[in-house]
Amino acid sequence: MGSDSQDNERPVHCVWVDEFLIAACQVTNAEYARFLRATGNPTPPFWNDPNFNRPEQPVVAVSW
């Protein structure tokens, strides 16, 4: 990881990931809405944008 051409990405180094989990499907806006109601977390950017907010679409612009 890292980059020799970007000062804020130095030093270039190896990263090892022993194990991780990944979902088989993307999280939809409808599923994420249930999470928001349960946790009280704020909505992500574009939540109210009609181009991205249909219930069956994948949620966008969420943060770790």
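Trainee: Where does Ser3 lie relative to helix H1 (29-39)?

Mentor: Ser3 lies in the segment before H1. Helices here are DSSP runs of H or I, at least four residues, numbered from the N terminus. This is a predicted model, in which local features need pLDDT of at least 70, side-chain atom pairs count only at pLDDT 80 or more, and totals for chains, interfaces and linings use all residues. Residues are numbered from 1 along each chain as its sequence is written, and side-chain values use heavy atoms, with hydrogens and water left out.

Trainee: Is Ser3 buried or exposed?

Mentor: Buried means under 20% relative accessible area, and exposed over 50%, with partly exposed in between (1.4 Å probe, protein chains only). Ser3 has a relative accessible area of 13%, so Ser3 is buried.

Trainee: Which residues does Ser3 touch?

Mentor: Contact means heavy atoms within 4.5 Å. Not counting residues up to four places away in sequence, Ser3 touches Glu9, Arg10 and Val12.

Trainee: Which residues of H1 are buried?

Mentor: An α-helix has 3.6 residues a turn, so residues three or four places apart point the same way. In H1 the buried residues are Asn29, Tyr32, Ala33 and Leu36. Seen down the axis of H1, they fall within an arc of 105° (taken from the directions from the helix axis to the C-beta atoms), so they line one face of the helix.

Trainee: With which residues is Trp47 in contact?

Mentor: Leaving aside neighbours within four places in sequence, Trp47 is in contact with Asn29, Tyr32, Ala33, Leu36, Asn53 and Val59.

Technical notes. Helices (H or I, at least four residues) and strands (E, at least two) are DSSP runs, numbered from the N terminus.
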